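Have the structure open while you read, and click along as the names come up.

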Amino acid sequence: MRMLWAAAGLMVTGLSGVQAAPHGVPPAAARFKADVLTAGKPDQGRVALMAHELARELGEACPFAAPQDARPLEACKGRLYAPRSALRRHLPAFVLWGRMRDAALPLKDTHLTQFGPDVFSATYLPLFMFDGNYTVAYDERQNLYRIDFVAAFRNRLQPGLYPYPFWHEDNKWSIYQGTNRLTAWVGIDPQAGVEKVKVMQFSALGAPHAAVPDKIATPVFDPDTHAKWLWTDAAGRTQPQVTLFDGLFSAGNPHLKSLDEAYRAMALKFRDGDCMSCHVPNNPDKMKRLVLLQTPAHAASEIERVIESVRDDRMPIDEFGIEKPMPTRMKNELLDQAQAFASVLAAARAWEAARSAPRTPAPGGTKG
Ligand code: HEC
């Protein structure tokens, strides 16, 4: 692995290539001037370790591969989704995700989507491939460290392997396909009190490299099926399959069917409450920090906040951002369905946890 260290804005000429220590040891590249290390700023040693761990995991678990091949995607997903993965350990309760269209635009003025670490590590990040190369720099303007990973996007997968049709918007799909770099913005997380990856952005603003696949023509976006964000394919399966925990929960999980049904029942109530006129990928309300609710996986990472915000009459709101209380009956029905979805989700997770709990090997060493 080769890394470049730069204390941006301080020592532009101090850019220097260093060889990484083989494993586990962060580079001894204390090339930051002391004035970067003032109180309240992330600790550069810990950020260095984080960058090294993340790059190693991404490079090993999600290496460059053919952009249509679903097997490396599944392998990558399995590693990143694991609760103790480096990625999961370095994400806060909610991570912000989006395109970097303009390198000069401050993050606070950027449209980003909020994700729970589970849905993010399972359905978004595995769509990218890595070679383990990265750079770390301190960005004075943002007051955050940035880790830039060399990356490429899998642009030829089956549609159901994307959490929603990214090609509903040409510009979005074009940047996804042309991604050559993924940027992780690292700051102190007020909740955890330590450095976390607060924001991640994909972009084509890095150096061009050979693993970026040729672009394919934007697939036809059929608003009648895809704009529903959740659709049923010719074989009668709910799509996108990844948003039904496909590959995360085992096919034998007895709760999968009820999870799908519970989501659909809740989604009808979301429609009554007008939630889906705002909480969908095309972001009609132009939310700065978009919350998505349009599939089971997206709703799963938000379900606690859904219940709280509806119970406390903070949601829904009107187009002016003013609370718009629902009729009591509608509100109670929504809360009932949301609670039902949360219970099925908990049961499905518990089933997976019990299944993967370490067991005493049977005599002869065969697995139990
Ligand atoms: C007119 C657009 C609009 C509608 C309709 C709407 N929301 Fe929101 N929602 C927003 C915006 C904007 C935010 C961000 C609020 C903020 O952070 O200030 C938000 C935030 C949220 C959040 C995150 C809350 C948190 O704790 O951070 C949840 C959950 C949510 N909405 C659920 C719902 C549900 C459920 C409905 C339907 C009952 C709904 N919303 C209807 C615009 C809308």
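This is a predicted model: local features need pLDDT of at least 70, side-chain atom pairs count only at pLDDT 80 or more; totals for chains, interfaces and linings use all residues.

## Two helices side by side

As for handedness, H7 passes H8 in a left-handed crossing.

Which residues make the contact? From H7 you'll find Ala299, Ala300, Ile303, Val306, Ile307, Val310 and Arg311, and from H8 Lys331, Leu334, Leu335, Ala338, Gln339, Phe341, Ala342 and Leu345. Sorted by class, the contact of H7 with H8 comes to 12 nonpolar, one polar and two charged residues.

Now look at H2 and H4. H2 brings Lys77, Leu80 and Tyr81 to the contact, while H4 brings Asp118, Ser121 and Ala122. The residues of this H2 and H4 contact split into three nonpolar, one polar and two charged.

Here are both pairs together:

## How H4 is covered

Is H4 (residues 117-124) mostly covered or mostly open? Mostly covered: six of its eight residues are buried. Those six are Pro117, Val119, Phe120, Ser121, Ala122 and Thr123. Two of these names, Ser121 and Ala122, also turn up in the contact with H2. The cover over the buried residues of H4 includes helix H2 (70-81), helix H3 (86-89), strand S3 (95-99), strand S4 (112-115) and H7.

## Around the ligand

In total, 21 residues surround the ligand, and the closest are Gly273, Cys275, Cys278, Met315 and Pro316. Strand S11 (289-291) and helix H7 (296-311) are the elements that give two or more residues to this shell. H7 supplies the largest share, five residues. What is the make-up of the shell by class? It divides into 10 nonpolar, four polar and seven charged residues.

## A tryptophan in a loop

Next, find tryptophan 167, in the loop between strand S6 (144-153) and helix H5 (170-178). With 21 other C-beta atoms within 10 Å, tryptophan 167 is buried, because 20 or more is the cut-off. Leaving aside neighbours within four places in sequence, tryptophan 167 is in contact with Trp173, Thr218, Pro219 and Phe221. Take proline 219 as one of these: it sits 52 residues from tryptophan 167 along the chain, yet their C-alpha atoms are separated by 6.6 Å.

## The whole chain

Zooming out, the protein has eight helices and 11 strands. Of its 368 residues, 38% count as buried. Among contacts with a separation of 6 or more, 69% are between residues 24 or more positions apart.

Note on methods:
Residues are numbered from 1 along each chain as its sequence is written. A residue is near a molecule or strand if its C-beta atom, placed from the backbone, lies within 6 Å of it. Helices (H or I, at least four residues) and strands (E, at least two) are DSSP runs, numbered from the N terminus. Ala, Val, Leu, Ile, Met, Phe, Trp, Tyr, Cys and Pro count as nonpolar, Asp, Glu, Lys and Arg as charged, and the others, Gly among them, as polar. A crossing is left-handed if the near helix is turned anticlockwise from the far one by less than a right angle, and right-handed if clockwise. Two residues are in contact if their C-beta atoms, placed from the backbone, lie within 7 Å. A residue is buried if 20 or more other C-beta atoms lie within 10 Å of its own, exposed if 12 or fewer, and partly exposed in between; C-beta atoms are placed from the backbone.
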